Amino acid sequence: MTDRHPWHRIAHEHMLQYRCRKWFGSHEEMFEFARSAAVKAPAGSTLGQLVPIAHLEMWLDLPVGEDAEYIGAAAVVAELNAAADQSVRHPDYQRRPGWPVVHNLFAMGFAMAGDFPSAVEQFEVIGDLVTEWPWQYHSSDPVGAFLAARQRVRGEQD
């Protein structure tokens, strides 16, 4: 699927999900796919979103306590920022159909990781264009989860 459409965001999202441990893969397969696709993608591509997806999937799979320690690790924060720099922060990035999902993924990843300045940056781009995915990972009320995260990260900036 991704060979046929090498830069198609949704095809890559589906392939990443398929490679998750919760379905048919493993954490190693998931991260290998996410990192490889993001690195091979042209600068400014939305495929950088695969990195926060992989980290959010890992976070979801860990026990309480380990999950927060994992997602807040310096290496995770650095990888999220590197992905954003090559994707949504890159000068070649252009908003395309579905762009709010990409920014919501980065916003959630940064907020969960404790990188509040980067999260605020993404929330500013999003405005009120909350998307159900990925916020439903955090709560059965995705809009409420989005609003709470946005308020929390903005509060940390004051």
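Thr-131 sits in the loop that joins helix 7 (116-126) to helix 8 (132-135); helices are DSSP runs of H or I with at least four residues, numbered from the N terminus. The structure is a predicted model, in which local features need pLDDT of at least 70, side-chain atom pairs count only at pLDDT 80 or more, and totals for chains, interfaces and linings use all residues. Residues are numbered from 1 along each chain as its sequence is written, and side-chain values use heavy atoms, with hydrogens and water left out.

**Surroundings of Thr-131**

- Thr-131 counts as buried because its relative accessibility is 13%; buried means under 20% relative accessible area, exposed over 50%, and partly exposed in between (1.4 Å probe, protein chains only).
- A polar atom of the Thr-131 side chain lies 2.6 Å from the backbone oxygen of Trp-133.
- Apart from neighbours within four places in sequence, Thr-131 is in contact (heavy atoms within 4.5 Å) with Pro-100, Val-101 and Asn-104.

**Nonpolar surface patch**

- Tyr-18, Trp-23 and Phe-24 make a nonpolar surface patch of about 420 Å²; such patches consist of residues with over 30% relative accessible area and no salt bridge, with nonpolar side chains (Val, Leu, Ile, Met, Phe, Trp, Tyr) joined within 5 Å.
- Phe-24 belongs to the loop between helix 1 (9-19) and helix 2 (27-40), and Phe-24 is exposed, as its relative accessible area is 61%.

**Salt bridges**

- Side chains of opposite charge can pair when their charged atoms come close.
- The structure contains eight salt bridges, each defined as a side-chain nitrogen of Lys or Arg within 4 Å of a carboxyl oxygen of Asp or Glu.
- One of them pairs Asp-61 with Arg-21, with 2.6 Å between the closest N and O atoms. Asp-61 is in helix 3 (residues 50-61) and Arg-21 in the loop between helix 1 and helix 2, so the pair ties together parts 40 residues apart in sequence.
- Asp-61 is partly exposed at 34% relative accessibility, and Arg-21 is partly exposed at 48%.
- Glu-79 and Arg-35 also meet through their side chains in a salt bridge (2.6 Å, N to O). Glu-79 lies in helix 5 (residues 74-86) and Arg-35 in helix 2, so this pair ties together parts 44 residues apart in sequence.
- Asp-128 forms a salt bridge with Arg-150, the closest N and O atoms being 3.0 Å apart. Asp-128 is exposed, with a relative accessible area of 66%, whereas Arg-150 is buried at 12% relative accessibility.
- Asp-85, Arg-89 and Glu-121 are linked by salt bridges in a network.

Conventions. Helix = DSSP H or I, 4+ residues; strand = E, 2+ residues; numbered from the N terminus. Polar contact = N/O pair within 3.5 Å; in protein donor to acceptor, adjacent residues only side chain to side chain. Patch = residues over 30% accessible without salt bridge, like charges linked within 9 Å, V, L, I, M, F, W, Y side chains within 5 Å. Areas by Shrake-Rupley, 256 points an atom, 1.4 Å probe, with all protein chains shown as cover.
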